[in-house]
Amino acid sequence: MHRRHFLLGLSSTAALAGTVGMAIPSGAFAAPLWPTPVKGRARVVVVGGGFGGATAAKALRVLSGNTIDVTLVEPNPAFVSSPLSNLVVGGNLRVSDLTVPYDRLVSRHGVAWRRTRATAIDAARKQVKLADGASLAYDKLIVAPGVSLRRDAIAGLNDAAMREALPVGWTDARESATLHAGLKAMPDGGVFAITIPEAPFRCPPAPYERACQAAAWLRQHNPRAKVLIFDANDAVLAEAEQFHDVWRTQYDGMIEYHPQFNCTEVVADGKTPLARFELGEEIRADVLNVIPPMRAGDLAVQSGLATANGRWCDVDFLSFASAAQPDIHVLGDAIQIAPQMPKSGHMANQHGKVCAAAIVATLSGRPVNPAPLYSNTCYTFVSSAEAMHVASVHRYDAAQHTVMPVQGTGGASPRATRDEFALGLAWAQGIWADMLA
């Protein structure tokens, strides 16, 4: 799909921009609004400009009637969406199609943007130390660090040469273009193999979607090629019935799925790279995409916020305040998730709104919403023309002090369709606008 066709397919997305996440009364800020001014020019620093951090930065300004001083610490020059990046792997989009500038957060919403990296948190002094040598004082701090890849959990994967040879494409969407280049360079009848770590990890449907995108491109350009999926989990983690249906009807003889294969080592010995598994099995592939286990982003771990097994951050789901530091709030994929709550871009967007609303309420002397709702939608693109989705709604349960799925809501597409493909593209444009416009 060319960029022109991508954009033409989104002519009706303007309405979505104001409705993404509107299931959350405490967090939604598209319209209508009742801004609550906060006296004293409170200072909130937001570290990380992804789905959670960018949403929170905008929502803090809007919900406070622009009375909270908000500083976003984000070193990247623009937001690049991980959702839809598998369409880059499949040759349907370019990284530039996933890129949205931060400029309107600054010009329209008055967010101060520090284009540098946060290196440390001094919780006692309420300061964030920056890579440029400066420090930022805060009254409230929001940390949205995403995930870090535990490359050292797989022998060989953390070697410098292996980092170059085996791009993961999970925390840097630009590596998706490198994976697509690998597909284009594959020999006739070659092998693309992807390994999937044990859950939890960012975006449960994404590895299976990536296999589909690789197969879709190879079916057209290298039809004798194979796509092998080695999954450390017992079964497909999301939309299992739908994925198996797609593999059977669209990629029969090309995609092979192997559950309970945990990758423990990678080797590059001058030939095609090799993956070795827990029970000693080995596979060589012309393009090997090894996805390692994950944990909360480095800043969260180094700051002592990762209180769940040293990997994930426990939070209060009413405000996303850290279990370790109540004036530090943690959002997005870095948190210890509630039951059936996915690590997804849409859910991080919801976190940002609920957190911002809770901070505004606290700073203005009002009670925090005791029963926030969270919605989630994940679109999965299984070819160059068809997609499917899974959706859910979650509500805070005061008795259990966590968020639980709301019975009778959500669900998944019965099958992949062309209409869902268009809706998925529209979802992306809508949520990017919701965060950054």
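These legends go with several close-up views of a predicted model. In this predicted model, local features need pLDDT of at least 70 and side-chain atom pairs count only at pLDDT 80 or more, while totals for chains, interfaces and linings use all residues. Residues are numbered from 1 along each chain as its sequence is written, and side-chain values use heavy atoms, with hydrogens and water left out.

**View A. Ser 383 sits in a loop between two strands.** The loop runs between strand 22 (373–381) and strand 23 (387–397); helices (H or I, at least four residues) and strands (E, at least two) are DSSP runs, numbered from the N terminus. Ser 383 counts as buried because its relative accessibility is 4%, where buried means under 20% relative accessible area, exposed over 50% and partly exposed in between (1.4 Å probe, protein chains only). Its side chain makes a reach of 3.1 Å to the backbone nitrogen of Ala 385. That is a polar contact, meaning a pair of N or O atoms within 3.5 Å; within protein, one must be able to donate a hydrogen and the other to accept it, and residues adjacent in sequence count only if both atoms are side-chain atoms. Setting aside residues up to four places away in sequence, Ser 383 touches Leu 87, Gln 213, Ala 216, Gln 250, Tyr 251 and Phe 421, with contact meaning heavy atoms within 4.5 Å.

**View B. Ser 413 is another loop serine, this one between strand 25 (411–412) and helix 12 (418–436).** With 1% relative accessibility, Ser 413 counts as buried. A polar atom of its side chain lies 2.8 Å from the backbone nitrogen of His 389. Leave out the neighbours within four places in sequence, and Ser 413 is in contact with Gln 242, Met 388, His 389 and Glu 420.

**View C. Helix 8 (residues 206–221) packs with helix 9 (residues 240–249).** The angle is about 15 degrees and the axes are 11 Å apart; axes are lines fitted to C-alpha atoms, for helices over the stretch in contact, and angles run from 0 to 180 degrees between N-to-C directions. The two helices are therefore roughly parallel to each other, a label for angles under 35 degrees. On the helix 8 side, Tyr 208, Glu 209 and Cys 212 make the contact, and helix 9 brings Phe 243, Val 246 and Trp 247. By type, the residues of this contact come out as 5 nonpolar, no polar and 1 charged.

**View D. Ala 199 and Pro 200 are joined by a cis peptide bond.** Omega is about 5 degrees here. Pro 200 has its place in the loop between strand 11 (191–196) and helix 8.

**View E. Lys 126 and Gln 260 each have a positive phi without being a glycine.** For Lys 126, phi is about 55 degrees. Lys 126 is in the loop between strand 6 (118–122) and strand 7 (127–130), and is partly exposed with a relative accessible area of 28%. For Gln 260, phi is about 60 degrees. The loop holding Gln 260 lies between strand 13 (255–259) and strand 14, and Gln 260 counts as exposed at 56% relative accessibility.

**View F. Gly 270 is out in the loop between strand 14 (263–267) and strand 15 (274–277).** Gly 270 is exposed, its relative accessible area being 80%. From its C-alpha atom to that of Glu 281, 11 residues apart along the chain, the separation is 20 Å.

Definitions and conventions. Angles under 35 degrees count as roughly parallel, over 145 as roughly antiparallel, 65 to 115 as roughly perpendicular and the rest as oblique. Ala, Val, Leu, Ile, Met, Phe, Trp, Tyr, Cys and Pro count as nonpolar, Asp, Glu, Lys and Arg as charged, and the others, Gly among them, as polar.
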